[in-house]
Amino acid sequence: MNAARNAGGPAVRVVPGTPALAWLLPLDQRVLTRVLTAMLRAAQGDRRAVLPPCGVDLHILDDAGISAANRRFLGCVGPTNVLSFPGDASLPGALLLSLDTLRRECLLYGQEPAVHCLRLLAHGMGHLCGLDHGPAMDGLCAGFVAAADAALQGQTRSF
């Protein structure tokens, strides 16, 4: 488990729900914490974000784990790439990310795993901020990816 609170900033926690698959993460837990913190700060300063959460808990799952959550909370059958459960000003939001689906989609879309991971996290963050699909969501997600890229500048990256 990894928790971060930077100078009074948002709290981010990465929870490896499937430790056996943690080696498949395209970004390590410290990097995930850094990019999610950057995305949260961007959300807090963006007028499109309806209600940014005070923090985020990222749960790293396999397809079985995300399928169970998808069925239980949304009544949908099968795995998905990311699920979002909004928080509020006092409660962190939760993102559930399937490593299995992430890897499968990279093959389907021809994207590097780290790049696709950032896109999925940005999409999930858009939902945590109270937006549904559409132009406002697309703009906010582009801002999240830009904030993540800025947070990663100067770091050795494989994407």
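Here are a few friendly notes on the predicted model shown above.

1. **Confidence overall.** The protein has a mean pLDDT of 86, with 87% of its residues at 70 or more.

2. **Layout of the chain.** The protein contains five helices and five strands. Following the sequence, their order is β-β-α-β-α-β-β-α-α-α.

3. **Burial and contact range.** The protein has 159 residues, and 48% of them count as buried. Taking the contacts with a separation of 6 or more, 64% are between residues 24 or more positions apart.

4. **Helices α1 and α5.** Now to the helix pairs. Helix α1 (residues 29–44) packs with helix α5 (residues 135–152) at an angle of about 130 degrees, and their axes are 8 Å apart. The crossing of α1 past α5 is right-handed.

5. **What lines the α1–α5 contact.** On the α1 side, the residues are Val31, Arg34, Val35, Ala38, Met39, Ala42 and Ala43; on the α5 side, they are Phe144, Ala147, Ala148, Ala151 and Leu152. By class, this contact of α1 with α5 has eleven nonpolar residues, no polar ones and one charged.

6. **Helices α3 and α4.** How are α3 and α4 oriented to each other? Helix α3 (residues 99–109) and helix α4 (residues 113–128) pack with their axes 10 Å apart, at an angle of about 110 degrees. Angles of 65 to 115 degrees count as roughly perpendicular, and α3 and α4 are therefore roughly perpendicular to each other. As with the pair above, the crossing is right-handed, here with α3 passing α4.

7. **What lines the α3–α4 contact.** From α3 come Leu102, Arg103, Glu105, Cys106 and Tyr109, and from α4 come Pro113, His116, Cys117 and Leu120. The contact of α3 with α4 divides into six nonpolar residues, one polar and two charged.

Methods. Residues are numbered from 1 along each chain as its sequence is written. This is a predicted model: local features need pLDDT of at least 70, side-chain atom pairs count only at pLDDT 80 or more; totals for chains, interfaces and linings use all residues. Side-chain values use heavy atoms; hydrogens and water are left out. pLDDT is the predictor's confidence in each residue, from 0 to 100. Axes are lines fitted to C-alpha atoms, for helices over the stretch in contact, and angles run from 0 to 180 degrees between N-to-C directions. Helices (H or I, at least four residues) and strands (E, at least two) are DSSP runs, numbered from the N terminus. Angles under 35 degrees count as roughly parallel, over 145 as roughly antiparallel, 65 to 115 as roughly perpendicular and the rest as oblique. A crossing is left-handed if the near helix is turned anticlockwise from the far one by less than a right angle, and right-handed if clockwise. Contact means heavy atoms within 4.5 Å. Ala, Val, Leu, Ile, Met, Phe, Trp, Tyr, Cys and Pro count as nonpolar, Asp, Glu, Lys and Arg as charged, and the others, Gly among them, as polar. Buried means under 20% relative accessible area, exposed over 50%, partly exposed in between (1.4 Å probe, protein chains only).
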